[in-house]
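Try each task before you read its solution.

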Amino acid sequence: MDNLILEIKDLNHAYGESDLTIKDLNLNISVGERVSILGPSGCGKSTLLRLIAGLEKPNSGEIIKKAEVMTNHKIFIPPEKRNVGLVVQEKALFPHLSVYENICFGIHRNKDKNKIVFDLLELLKIDSLKNKYPHEISGGEQQRVALARSLAPNPDLLMLDEPFSALDEELRKSLYEEVSKVFSERNSSILLVTHDAYEAEVMTDKQLRMEKGNLI
Amino acid sequence: MIFSIASNLSLKLASLLLIIVGVFYLIEKNTRGGSIYTSNNSNFSPNLEDNLQGFKALIAFLICFIPIFIGFIVPIVELSFWAYEVNLGFFNDRFISNAMNTLSLSLGTGIICAGLALLINFSVRFKPNKLVEKLSSLLSLGYAVPGLILAVGMVQLMVYLDTFLFSGLDIVLTGSIFGLMIAYVIKTYALANSSIESGYQRISNSMDESSRLLGISGWRMLINVHSPLMKTALLTSVLLVMSDVVKELPATLILRPFNFETLAVSTYTYASEERMLQAAAPAIAIVIIGLIPIIFLSKMIRSSRPN
């Protein structure tokens, strides 16, 4: 089990006094593995990603990343110290920064900063946009930038929350293939949540189904 | 003895007024149910405009123009005539010094208020804290308190601090720029806070989450994400505070250091001596300095709207 990047044990979560959104969930992801979780809206997929990212605290259970406890009943590592990436559906690029600056944002104290950014710009075919601002580029281009920005700090695990659902079908399908090629080249560990079976199949090696807060 | 009785009476009146303000504040807070509004998207939706034509346009123009004509154009023309009659001789070193005092005081207060409001709102957003929220609400009450009442309270506070901190020395804080600035900050914090608060409502929570996931949190988030996104709100709050401080008279009269004059004070001094011609120039200067922020603000609002 040494090559596990993520281990989740008996995770439970509820928002306030409401019913549990995550119930006794267990999940393991190995290094370089690409896993997707399929399920209808409201089944707890996005909540699971937020719990792994440290944006929510669970009621009980344990989240371990690379053999280090991120969350349990005693420990809670804040999101900024987890080194996990999350790409969401809504546009969360910083509007006051150019494409280049957005991608640079998460790279700290790295001499090869420029090289990393230019490699990602090239890999995601957005090098011509480097000096543009988010409002000057299309929705598809913005999602590519968001993906490059999340990949730039070289996260241990990259999570994607229906990243392309706001885009039109044609663009979405072309991105699936391009993006999965990028993941393969970088041997990234991926956790994708989606309600689109085709997206899950094209982009990941293993598909899991989630219903009412648990994997089935 | 007479001064002591008057001072006690004014303090009691000031306290009573503060209680009334506090009651109104609590009523307002309860009516709102403590709701806080934040946005999940930062997209701007433009107002729909309807261009009026013909008679309707004329009526709309008159409704907007008449108050400006009576309340602004006529007095300014009259004041300009008076200023002209003293052959512009008023624009001497003393006038420049008063104008500089006014500008530096208002700018200083603006920067302090905007900075304070930014820090408090950031603190509430980043790590909600009841104490900080209450402090912000308490400071905001200051806007409802007349400058005179605030000044009376501030004199008492400064006298107490002078006795406590500098008991062997002469008065240090009483009648100092420090006391005056504190009074201004209490009086105008609400203006800065409202602008910063609405600025924060336009920054979606996903911005904060993205920043944290990319390893930037706390002060670095304030400097690298919030401050640049709040540029307009910060500038607006500085300008709003400036336009208010420029006009502030009662607190300045009571709390200013000796021989320290602002434009409002010199206008008041001349007017109280019935020297209306001499009062005209500083009065116009106040209007001009007060107009600068308004012009800036309306330009900023216009440029933030598409088309």
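**Exercise 1: The largest cavity**

By class, 3 nonpolar, 2 polar and 1 charged residues make up the lining of the largest cavity. (Ala, Val, Leu, Ile, Met, Phe, Trp, Tyr, Cys and Pro count as nonpolar, Asp, Glu, Lys and Arg as charged, and the others, Gly among them, as polar.) Before you go on: this is a predicted model, where local features need pLDDT of at least 70 and side-chain atom pairs pLDDT 80 or more, while totals for chains, interfaces and linings use all residues. Residues are numbered from 1 along each chain as its sequence is written, chains are lettered from A in the order in which they are written, and side-chain values use heavy atoms, without hydrogens and water.

Task: find which residues line the largest cavity.

Solution: 
- Start with the term: on a 1 Å grid over the protein atoms alone, a cavity is a set of points where a 1.4 Å probe fits but cannot get out, and lining residues have an atom within 4 Å of a point.
- Now pick out the lining: A:Leu86, A:Arg149 and A:Ser150 from one chain, with B:Ser210, B:Leu213 and B:Leu214 from the other.
- Then look at the elements (DSSP runs, with H or I of at least four residues for helices and E of at least two for strands). α4 (139–151) of chain A and α7 (205–213) of chain B each give at least two lining residues.
- The space inside is about 40 Å³, a volume being what is filled by probe spheres set on the points, which are joined across faces, edges and corners.

**Exercise 2: Where the chains meet**

Task: work out how many residues of each chain are in contact.

Solution: 
- Count contacts as heavy atoms within 4.5 Å: 16 residues of chain B touch 19 of chain A.
- Next, the buried area (accessible area, 1.4 Å probe, that two parts lose on being put together, summed over both) is about 1,600 Å², with 66% of it on carbon and sulfur atoms.
- On the chain B side, B:Arg212, B:Leu213 and B:Leu214 lose the most area, together 41% of what that side buries.

**Exercise 3: A sheet in chain A**

Task: which strands sit at the edges of the sheet?

Solution: 
- Write down the order, β6-β7-β8-β3-β9-β10: 6 strands in an open, mixed sheet of chain A. Two strands pair if DSSP finds at least two bridges between them.
- Check the ends: β6 (84–87) and β10 (214–215) of chain A each pair on one side only.
- Finally, follow β9 (206–211) of chain A, which pairs antiparallel with β10(A) over 2 bridges; A:Glu211 has A:Asn214 as its bridge partner there.

Key. On a 1 Å grid over the protein atoms alone, a cavity is a set of points where a 1.4 Å probe fits but cannot get out, and a pocket is an open set with protein on both sides within 12 Å along at least five of seven lines; lining residues have an atom within 4 Å of a point.
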